[in-house]
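Look at the chain as a whole, then pick out single residues.

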Amino acid sequence: MISESLVLRPEWRAPDKVKALSTTRKGGVSRPPWESLNLGGHVGDNPKHVEQNRQLLARFIGLGANKIGWLNQVHGTRVAEMTSETLNSCPDADASFTRQKGIVCAILTADCLPVILADRKGEVVGAAHAGWRGLCDGVLENLIDAMAVDPSELIAWFGPSIGPKSFEVGPEVRAAFVERQAESVNAFTEQGARSGHFVANIYQLARLRLRRAGVSTVYGGSLCTVMDDAWFYSFRRDGQTGRMATLVWIS
């Protein structure tokens with residue numbers, strides 16, 4: 001069973017009516033290698049176990065399972081609006097937003113960066129799956145544009161992601177980010193173990209993109225999914241593994 005001690009809550013100054021959390025790998029029914037709260041239906045787990053886990057999550061947040069807007073994430077930049085009419089369509093997208101109460105924006109991750117946004121009035125919320133490709137290509141900027149409020153009125157929180165000591169990338173990844181934003185060079189450190197490779201700080205890269213877009217208030221960004229196998233799934237560490245969910249909604 002999911003309990004409050006098994007989830008992460010943002011420590012941020014969002015309005016009380018904005019609710020958000022990230023699950024961990026604990027509190028579900030899945031068996032190894034997906035043990036135990038796997039919420040991803042595309043990773044080889046028993047579909048019945050995934051459904052049970054999603055039902056457990058819905059009960060924990062006090063909403064029906066049909067109120068959680070899952071996406072078919074494709075490492076792109078498309079943004080979907082979640083409404084009562086579109087909620088269960090599972091669109092191909094890597095970010096979503098809503099202005100309707102009781103509708104949940106949900107992102108699945110196992111190393112990629114989950115980012116949630118809310119305006120200071122609590123009138124619109126959104127969530128993005130910011131893997132390096134989507135982050136580099138503008139998924140956060142697209143979400144900010146779709147939410148259609150002054151970016152200075154938005155606050156952000158980073159859920160658990162691969163940390164800056166674990167995210168080794170090739171030179172083409174560094175070049176792609178630097179081409180789009182020169183400051184990104186500061187988020188890469190040369191990796192001594194493999195010549196020509198770097199370790200990337202995806203939290204820093206996301207902060208740079210948010211700041212350029214006008215979002216200056218950002219929370220979170222201190223965890224590493226790779227280094228904490230007790231609490232987090234990590235695709236880079238384990239290969240076949242489960243997915244955690246990061247959720248945001250207006251109550």
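Two residues are in contact when heavy atoms of theirs lie within 4.5 Å. Take Glu141 as an example. Leaving aside neighbours within four places in sequence, Glu141 is in contact with Arg209, Arg212 and Ala213. Keep in mind that this is a predicted model.

## The whole chain

The chain has six helices and 14 strands. How does its radius of gyration agree with that of a compact globule? With 251 residues, such a globule would have a radius near 18 Å, and the chain has 17 Å, so the two agree. Along the principal axes, the C-alpha atoms fill a box of roughly 50 × 45 × 30 Å.

Of the 251 residues, 55% count as buried. The accessible surface comes to about 10900 Å². Carbon and sulfur atoms account for 47% of that surface.

Contacts also reach across the sequence. Take those between residues at least 6 apart in sequence: 63% of them join residues at least 24 apart. The chain has 28 positive and 26 negative charges, and their mean positions are 3 Å apart.

## Aromatic pairs

The count of aromatic pairs comes to three. Phe158 and Tyr203 form a stacked pair, because their ring centres are 5.9 Å apart and their planes meet at 25°, under the 30 degrees that stacking needs. This pair links distant parts of the chain. Phe158 is in strand β9 (residues 154-158), Tyr203 is in helix α5 (residues 202-213), and 45 residues separate them. Phe158 is buried, at 2% relative accessibility. Tyr203 is buried as well, with a relative accessible area of 2%.

Phe177 and Phe188 form a tilted pair, with 6.1 Å from centre to centre and 50° between the planes. The pair also links distant parts of the chain, with its residues eleven apart. Phe177 belongs to helix α4 (residues 171-180), and Phe188 to strand β11 (residues 188-190). Phe177 is buried at 1% relative accessible area. Phe188 is buried at 8%. Ring pairs link Trp132, Phe177 and Phe188 into a cluster.

## Helix α3 and its end

Return to Glu141. Is this residue buried or exposed? Glu141 counts as buried, because its relative accessibility is 16% and the limit for buried is under 20%. Glu141 sits in helix α3 (residues 139-147). The buried residues of this helix are Val139, Leu140, Glu141, Leu143, Ile144 and Met147.

What comes just after α3? There, Ala148 takes a positive phi of about 55°. Ala148 lies in the loop between α3 and β9. At 58% relative accessibility, Ala148 counts as exposed.

## Close and far

Two residue pairs show how sequence and space can be compared. Each partner is given with its separation along the chain and its C-alpha distance.

| Pair | Apart in sequence | C-alpha distance |
|---|---|---|
| Ala118 and Arg13 | 105 residues | 9.9 Å |
| Pro164 and Arg59 | 105 residues | 34 Å |

Ala118 lies in strand β7 (residues 113-119). With a relative accessible area of 0%, Ala118 is buried. Beyond residues up to four places away in sequence, Ala118 touches Trp12, Val18, Val124, Val125, Met147, Glu153, Leu154 and Ile155.

Pro164 is found in the loop between β9 and β10 (168-169). Pro164 is partly exposed, at 38% relative accessible area. Not counting residues up to four places away, Pro164 touches Val199, Ala200 and Asn201.

## Backbone details

Which peptide bond ends at Pro33? The bond from Pro32 to Pro33 is cis, with omega near 5°. Pro33 lies in the loop between β2 (18-23) and α1 (47-61). The bond from Glu35 to Ser36 is also cis, with omega near -5°. Ser36 is in the loop between β2 and α1.

His75 has a phi near 60°, a positive value in a residue other than glycine. His75 is placed in the loop between β3 (68-69) and β4 (79-81). With a relative accessible area of 38%, His75 is partly exposed.

Definitions and conventions
Residues are numbered from 1 along each chain as its sequence is written. This is a predicted model: local features need pLDDT of at least 70, side-chain atom pairs count only at pLDDT 80 or more; totals for chains, interfaces and linings use all residues. Side-chain values use heavy atoms; hydrogens and water are left out. Helices (H or I, at least four residues) and strands (E, at least two) are DSSP runs, numbered from the N terminus. The radius of gyration is taken over C-alpha atoms; the globule rule is 2.2 Å times the number of residues to the power 0.38. Buried means under 20% relative accessible area, exposed over 50%, partly exposed in between (1.4 Å probe, protein chains only). Accessible areas come from the Shrake-Rupley method with a 1.4 Å probe; for residues, only the protein chains shown count as cover. Lys and Arg count as positive and Asp and Glu as negative; His and the chain ends are not counted. The place of a charge is taken as NZ of Lys, CZ of Arg, CG of Asp or CD of Glu. Rings of Phe, Tyr and Trp (its six-membered ring) pair if their centres lie within 6.5 Å; planes under 30 degrees apart count as stacked, over 60 as edge-to-face and the rest as tilted.
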